[in-house]
Amino acid sequence: MGATANAESSKVYVKMQTSKGNILLELNRAKAPKSVANFLRYVNEGHYDGTIFHRVISGFMIQGGNMDKNMKPKQTYDPIENEARNGLYNDKYTIAMARTNAPHSATDQFFINTANNGALNFKSESSSGWGYAVFGKVLSGKKVVDSIEKVVTFRKGRHDDVPVKPVMIIKVEEVKQ
């Protein structure tokens with residue numbers, strides 16, 4: 001019974017209210033403790049409220065977490081360690097930390113995979129092999145994710161794949177399940 005209770009306590013639930021509907025996420029604290037703690041820090045400070053999904057690529061992923069509707073970036077904390085070696089994979093409807101080309105550069109941005117993206121999984125500790133750390137999955141709201149994935153995008157300034165009509169992240173909060 002202790003192991004079951006322990007496994008359950010490692011799960012954290014977050015509701016993401018968007019302009020397209022709600023997404024319920026289950027975060028895996030046991031497999032991705034640093035990524036989950038980092039994400040929850042931003043959640044609990046209201047950082048994601050009023051941001052947008054600023055990068056949407058059909059058949060790949062939807063990305064958000066840092067930009068307001070005018071594409072103005074928000075302040076972030078220091079980057080976290082890449083936990084892509086955790087045994088969680090970039091499968092459809094999983095959530096992962098976005099980063100730059102530097103493996104340990106993730107801050108507040110995240111993406112939800114809209115396809116099985118095996119190329120994003122950890123392969124080795126090399127510049128091309130680090131991958132992207134998955135830290136949870138979509139429990140409900142998959143149709144919302146699908147509808148966001150299908151929005152029309154364009155190039156805005158130096159940013160590609162920006163939704164023409166902003167997809168707002170209205171509120172993100174930790175919830176009990």
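Modeller: Buried means under 20% relative accessible area, exposed over 50%, and partly exposed in between (1.4 Å probe, protein chains only). This is a predicted model, in which local features need pLDDT of at least 70 and side-chain atom pairs count only at pLDDT 80 or more, whereas totals for chains, interfaces and linings use all residues. Residues are numbered from 1 along each chain as its sequence is written, and side-chain values use heavy atoms, with hydrogens and water left out.

Colleague: Which residues is phenylalanine 39 in contact with, leaving aside its neighbours within four places in sequence?

Modeller: Contact means heavy atoms within 4.5 Å. Phenylalanine 39 is in contact with Val14, Met16, Leu25, Leu27, Tyr48, Ile95, Phe110 and Phe135.

Colleague: How many residues of strand S2 are buried?

Modeller: Helices (H or I, at least four residues) and strands (E, at least two) are DSSP runs, numbered from the N terminus. Six of the eight residues in S2 (residues 21–28) are buried, leaving the strand mostly covered.

Colleague: Which strands pair with S2?

Modeller: Pairing requires at least two DSSP bridges between two strands. S1 (residues 11–18) runs antiparallel to S2, with eight bridges, and a hairpin links them through two residues. Methionine 16 in this pairing stands opposite isoleucine 23. S2 also pairs with S7 (residues 134–140), again antiparallel, over four bridges, where leucine 27 stands opposite glycine 136.
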